[in-house]
Amino acid sequence: MGLNSTKSALTNAEYSLTLSSPNDFYRNLSTIQGEFHLNVRSKLRIEKEIRIDLIGQLLENKKYASRSNRNSSQFNNTPNNNNNNIFLTYSCSLITSHENGTARTIKHQQVNYPFRIPLGSNLPPSCEFKEFCVVYYLEIYHDGRLLPNTHKRITIAPQTPQIIVPLPCKVTGSGDVTMICSLPKSFYSGRDCPVVPMSMSITNPKQKQIKAVTAQLMQTVSLNGIKRENEIFTALLNEIAENTKENEVNTKCELVLPANLSPTYVPNETGQPDNVPSIAITYEFRITAQMKGATTPNIRLSVPIGIE
């Protein structure tokens, strides 16, 4: 991956940026590595340095920001020049002037400059919602001036989810109707529309009429303590017959997640720097058995989403 070589009006040289990661995302405590490629056709003068900056920026919708009593520029998907919402800037020097402070001159030379940018442990993941988004990107500066066409978006993901077998959830409604739901895995990919199998068991000793069973996927997002919920979808579990009165129902259902869901993320509040936005993202299935003439039992089943 990388940027196409572009002739710069600032340097009279060709340059490009490539990243060495085999993935298209990075995790906390990992390292962004790559090379800056420079092809000087005539002469390049460096008074101070050529550096690469990793920038983290929170962009908020103006309406959402007013609800939270915070100042913000109008939200858009392109980072802007309002430094008030930049919470991370990590600068890595690629080429510097001579030690005595005189300018360095590079003539008729093609060189590669490797770089390493270590990531901390409490960076919120890249995400995009209707109210706000968090973006990371690399930019290259020559003697304090931004080089054209060097803007490169970087995706930062949470730590790898823990692989466990989740415990089943159980609820009992009126008429002694008991519903048990379980998932076979502890997390699912949010990138490629994965199928989520679900085991469903319903005990109906008094043969109450179960009109239908539905599954609702809910997303809960909070920014600096302000929480909101989004309904991703509601689906009818067709594997369970409508208006059934069976004593026992045991079946497996399948639900398909939409692609590109932001990954589950719960921050470590004790190690959160003051300038870094506190963001939490969680998901759950809300399974509801719609009963005739009885209290409707419902289950909340956590569904962790990864980026794998």
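Predicted model: local features only at pLDDT ≥ 70, side-chain atom pairs only at ≥ 80, totals over all residues.
Residues are numbered from 1 along each chain as its sequence is written, and side-chain values use heavy atoms, with hydrogens and water left out. Local features need pLDDT of at least 70 and side-chain atom pairs count only at pLDDT 80 or more, whereas totals for chains, interfaces and linings use all residues.

The largest pocket holds about 370 Å³ of space. A pocket is an open set of points on a 1 Å grid over the protein atoms alone, where a 1.4 Å probe fits, with protein on both sides within 12 Å along at least five of seven lines. Grid points are joined across faces, edges and corners, and the volume is the space filled by probe spheres set on the points. The lining comprises 17 residues, each with an atom within 4 Å of a point. Closest to the centre are Ser-126, Cys-127, Thr-155, Ser-262 and Ile-307. Two or more lining residues come from each of strand 8 (127-128), strand 9 (132-142) and strand 11 (152-154). Strands are DSSP runs (E, at least two residues), numbered from the N terminus. Strand 9 gives the most, with 3 residues. Domain 1 (13-157) and domain 2 (167-307) each supply at least three lining residues; these bounds come from an automatic or database domain assignment. By class, the lining has 9 nonpolar, 5 polar and 3 charged residues. Ala, Val, Leu, Ile, Met, Phe, Trp, Tyr, Cys and Pro count as nonpolar, Asp, Glu, Lys and Arg as charged, and the others, Gly among them, as polar.

The whole structure contains 10 salt bridges, each defined by a side-chain nitrogen of Lys or Arg within 4 Å of a carboxyl oxygen of Asp or Glu. One of them joins Arg-41 and Glu-14 (2.6 Å, N to O). Arg-41 lies in strand 4 (residues 31-46) and Glu-14 in strand 2 (residues 13-19), so the pair ties together parts 27 residues apart in sequence. Arg-41 is exposed, at 56% relative accessibility. Glu-14 is partly exposed, at 23%. The cut-offs are under 20% relative accessible area for buried and over 50% for exposed, with partly exposed in between (1.4 Å probe, protein chains only).

Asp-24 and Arg-191 also form a salt bridge (3.1 Å, N to O). Asp-24 is partly exposed at 43%, and Arg-191 is partly exposed at 33%.

Arg-51 pairs with Asp-53, their closest N and O atoms being 2.9 Å apart. Both residues are buried.

Notes
Helix = DSSP H or I, 4+ residues; strand = E, 2+ residues; numbered from the N terminus.
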